[in-house]
Amino acid sequence: MNLTTTQQAFFALVRTGLWIDVKGNSYGKQGEASPIALDLEYDWGEIYQLAEDQSVVGLVATGIETVQDAWFQLHGSEMLPRKYVLKFIGNTLHLEQKNRAMNKFMARLIRRLRERDVHALLIKGHGIGQCYAKPSWRICGDIDLLLDADNYETAKKLLLPLAQKIETEDMSLMHQGMTVMDMTIELHGTLHSRLSKRIEREIDNAQRRCLVDGEVRVWHNGKTDIFLPDANNDVIFIFTHILHHFFIDGVGLRQICDWCRLLWTFRDTLDVPLLEQRLRKMGLMSEWKAFAAYAVGWLGMPVEAMPFYDARYKLKGDRIMALVYESGNFGKKLRPEHPKDSVLGKVKMSLHKLHNFARVTNVFPLDSVKFCCHFIVDGVTKKTKTNEEI
């Protein structure tokens, strides 16, 4: 994919923001003082729009913050036009406020659940956000909780009466979404990808090791300790979640950045032989190597922290880049705009999913067909079971 100078600047700023530590030092391969060509002018409106589309405004803002002094020395002026300075400042201030509010709400939520002897793990985005140098500049979305079957049912009974909005429950996946005090909570009894039985078995195994064997890590959220999956299991959850969206809906830059930050943070303790064993059991080694090539080549992921990096997968990494760029965060740039609950909306969404499987055949031609077939059969089977139960 050929990028314009403005698009190149966007990715350079993402890389800079992604690999800055808490002291402002770079530890990625993009450690040079000038991560973008300082002698060029850029379309900052396009850069800001790209940051919004991919939900990485905080990373781009961090990158700008890092290089703006060098820009000023060269140009004798501010790096961004004032209106975009205000946009980035306003957005990052909003992110900080929202993250603080979510942290407080999450502490209250976890304490309330524990008072009723309900034990849950925080999964996905907000937990991975703690791996960033600036967690409060990462966009926060839902509060995703993983529970075993009994805790899932008890949590529903406890939280649904408090909800202002309740989503339709997916009983086959044990998934219940709701809105409580303007915060979206997602309860998960399983993290199945809906791509293959081989993948589901390893996800179930990782889930069992967390919930039954206690393989967890702790995030100290103020005075409340919140449990997350340990890194060896979390990397399975995060990567299969990326693939779920990549094949079915489209995936954005933010999710892949999360995966990179998790791998970097736990690079010295990750059980690489166990990871290899699991990837081979799931039949996902090719997918891993392709995304690894994308992360190293486009996001500046240090090679030493990326297990199984293989330079021969560069072409696949480049193709992933084009798909991610086109999709936007969670594939929102390509989704149909009709209401999802309407008949037309459901038809358009189904066609969108089938089209997305077709889009990724240029990266994974065999797996995209296999996964698509499983996804269709899985959907029909679960729908039939649901109807029988009703």
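In helix 2, W44, G45, Y48 and E52 meet Y84, K87, F88 and N91 of helix 4. Contact here means heavy atoms within 4.5 Å. By class, this contact of helix 2 with helix 4 has four nonpolar, two polar and two charged residues. Ala, Val, Leu, Ile, Met, Phe, Trp, Tyr, Cys and Pro count as nonpolar; Asp, Glu, Lys and Arg count as charged; the others, Gly among them, are polar.

A word on the basis. This is a predicted model, in which local features need pLDDT of at least 70 and side-chain atom pairs count only at pLDDT 80 or more, while totals for chains, interfaces and linings use all residues. Residues are numbered from 1 along each chain as its sequence is written, and side-chain values use heavy atoms, with hydrogens and water left out.

Stay with the first pair. Helix 2 spans residues 44-53 and helix 4 spans residues 82-115; their axes come within 10 Å and cross at roughly 20 degrees. Axes are lines fitted to C-alpha atoms, for helices over the stretch in contact, and angles run from 0 to 180 degrees between N-to-C directions. Helix 2 and helix 4 are therefore roughly parallel to each other. Angles under 35 degrees count as roughly parallel, over 145 as roughly antiparallel, 65 to 115 as roughly perpendicular, and the rest as oblique. The crossing of helix 2 and helix 4 is left-handed: the near helix is turned anticlockwise from the far one by less than a right angle (clockwise would be right-handed).

Now move to helix 7, residues 197-211. Helix 7 packs with helix 8 (residues 231-248) at an angle of about 140 degrees, with the axes 9 Å apart. The two are therefore oblique to each other. Their crossing is left-handed. Helix 7 brings I199, I203, A206, Q207, R209 and C210 to the contact, and helix 8 brings N233, I236, F237 and T240. These residues divide into six nonpolar, three polar and one charged.

Helix 7 also has helix 10 (residues 272-282) as a partner, with axes that come within 7 Å and cross at roughly 145 degrees. R198, I199, E202, N205, A206 and R209 of helix 7 meet L274, R278, R280, K281 and M282 of helix 10. Which classes make up this contact of helix 7 with helix 10? Four residues are nonpolar, one is polar and six are charged.

Next, the sheet. Five strands form an open sheet in the order 1-2-5-4-3, with mixed pairing. Strands pair if DSSP finds at least two bridges between them. Strand 2 (residues 143-146) and strand 5 (residues 183-188) pair in the parallel sense over four bridges. L187 of strand 5 is the bridge partner of L145.

Finally, the whole. The protein has 14 helices and seven strands. Helices (H or I, at least four residues) and strands (E, at least two) are DSSP runs, numbered from the N terminus. The C-alpha atoms fill a box of roughly 70 × 50 × 45 Å, taken along the principal axes.
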